Amino acid sequence: LEAWSQWRGDKMEGKPKYKTSLSLPEGVYEVFGTYNCASKQARQQRALKSSYARVIRLRPTPASPKPKSSLSLSLKSKKTIPFPSLPISGSTNESADVEFLVYPCGDSICVCNLSITVAEAAKTSGAWREKTKSFSQDPTCCSINRQTSSGDYLEVLVGFENGDIILLDAISMAHKSKYNVNAALNASRVTDVEWLPGSKTQFVAAFGNGVLLVLDSTKEDGSPKTLAAAAAAAPSGGDLSMGGDPSAFSVLRSKTQKNNPVSRWHVGKGCINHIAFSSDGKLALSCQDGLARVLDMNTEKLLFSFRSQYGAMLCSAWSPDNEYLVTGGEDDLVIVWSFADKCPVARCLGHNSWLSVVEFDPLFCISKAMAGGQGGQAQHEVPYSASNYRFLSVAQDGRMCYWDLNDGNLVLSRKRAGAPRRSSAASWNEAAARSALYNVAELSRPEEVPSMEPIYNALITQEPLSSLHVTEGAMLTVTFGGESRVWARPGGSTTQMRDEDDSR
C-alpha cells in the first residue's frame, strides 16, 4: 500500500488531482462541492458502494407498522417508481427537502448532508455536513430507506464482512436492529443490500456465496432449522448449503412467515456483486460467474441471463422504461442489452479498467413511445428528435463516460461491414436461437454487435472511482479514497461553493 501511494504521488506530482469542469453538448458541469469525512486510516482502504436519497425535511407522524405476510404484496403495484432526485439547493428553508449521501470506507460509515454549505454549518447550531461512525467489522455496502427517512431520521441498512446487517439511524448513529446475527441465516459476507421498491420494511441482501435473502425489518431472525425444514419439503435442487447443484437456481420460503428470512434464493455459484431493481418488479443481479441474472420478484422465477465477454459482471442499471439493461464488468466493457429481444444492442468502448457503476440519466432519456408520438413527454429540453437513452459510467481507471444510445451513435465493425460470409439477419437469428435454447444471451461474436463510443470521456481523478449517482441537479462521484464530489448541471449556481473552496 505504501509503495502504491508513493507511485501514485509521483504520478500526480505537478498535476491537479481532479478536473473541476466537464464540457458536454448541453453545457458545462462544474464542481459544486467536495466531501471527505473518512478518517486517514479509513482512506487507506477503498470506499465501497454508496447510497443517495432525497427525503423530506420534517419526519411524518409515525403510524403503526403493518408487516406484509407475502413478498408479492409489496410489489403488487406495477406503477413506475419516481426517480428520487431534485436539484442540490443548499437551502435551509423549513419546507425544502434534504439530500444525503452515505458510503462505507474502511471500518467506517460516512454520511454527507448535501443540502447545507460549509458557511451554513458553521453559523447554524446543530447543523452538520459530514458524520462518521466506526465499527469493529468493515462495512461493505449500505442502502437508505427513502420511504421512512427524513431530515431528522435517516434509516440506513449496513452490510458487513462477517455477514451481519445493521439497521441504524445515520443521523444519531443509533442502532435499531440487527439481522443474520452470528451468521444464523447465511455464513458469508454481505456484498449488497437494497430496500424493495415501494416497501417500508422489506429488503434484499446479497452474499458472497451466491445467496440472496429477502428480509423484513420488523421481524427477528429465525432458526436455521426453519430453512432446513423448508428445504426438506421442497423439490431437490440448487441450494448449495443443502447439498444441491451449486449452479442451479432455487427459492426456499418459510411456511409460517413469522421470522426472517421471508425467503432464501440460491442464485448460482459465486458472489453476487450488485443488485438493480427495475420499476416493474424485475431484479438484475450482477454475478461473479459472468452472468447478469434477471429475476421476477413477484413470481420468484429466473427470467433470463446475460453473459459478459469475459470475467465477472460488476454492475448494472435499467433504463427508465425498462427496455434496456446496461451492464459493466471485468472485461472493461459497458454492454447494452435489449430485454425484449434478449440480445446485445451495443458494445461501449471507453474504459481501460474494471467498471464500478453504470447509471441512466432520465433527464436525457427519450423512450421509443415518446419519440413515436405515442404519449409521454421528455423531462428536459434535449436535442434529439428520435429515441435516445443517456447513461453514465465510472470505472477504476478514474474516468467518467457519457453515452447516448441512439441509431446515429451505433457503428458496425469493419469485419461485420465487409464480411460476405454471412448475413446480419442470419447472425441475429442464430444468436436468438442460441439464447432461447440456453436462456442466456452472450457476446459470442463481438464483431457482430455494433460498437459505440462515448460522447464525452474524461479522466476526472487520479484515484479509482467507486460510486456514481445521477440526480436532477447534479452528478455525485466517490473515489476509492472516500472523497465525494458534486458536479452541478449547466445553469446551476456554483459561485457559493467556489467561494468556500477558496476559503479552504
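What share of the contacts in the protein with a separation of 6 or more comes from residues 24 or more positions apart? The figure is 61%, with contact meaning heavy atoms within 4.5 Å.

**View 1. Overview of the predicted model.** This is a predicted model, in which local features need pLDDT of at least 70, side-chain atom pairs count only at pLDDT 80 or more, and totals for chains, interfaces and linings use all residues. Residues are numbered from 1 along each chain as its sequence is written, and side-chain values use heavy atoms, with hydrogens and water left out. The protein has 9 helices and 32 strands; helices (H or I, at least four residues) and strands (E, at least two) are DSSP runs, numbered from the N terminus. Of the 504 residues, 54% are buried (under 20% relative accessible area, 1.4 Å probe, protein chains only).

View 2. The order of the 5 strands is S1-S2-S32-S31-S30, with antiparallel pairing; two strands pair if DSSP finds at least two bridges between them. Strand S1 (21-24) and strand S30 (465-470) stand at the edges with a single partner strand each, so one side of each has no neighbour in the sheet. From one strand to the next, the twist averages 25°; axes are lines fitted to C-alpha atoms, and angles run from 0 to 180 degrees between N-to-C directions.

View 3. Strand S31 (residues 474-479) runs antiparallel to strand S32 (residues 484-488), and 5 bridges join them. Leu 476 has Val 486 in S32 as its bridge partner, while Thr 477 stands opposite Arg 485 in S32. The hairpin has 4 residues between the strands, and Gly 482 takes a positive phi near 90°.

**View 4. S2 beside S32.** Strand S2 (residues 27-35) is joined to S32 by 5 bridges, and the two run antiparallel. Glu 30 has Ala 488 in S32 as its bridge partner.

**View 5. The two faces of S32.** Of the 5 residues in S32, 5 are buried. On one side lie Ser 484, Val 486 and Ala 488, and on the other Arg 485 and Trp 487; both faces are covered.

Key. Buried means under 20% relative accessible area, exposed over 50%, partly exposed in between (1.4 Å probe, protein chains only).
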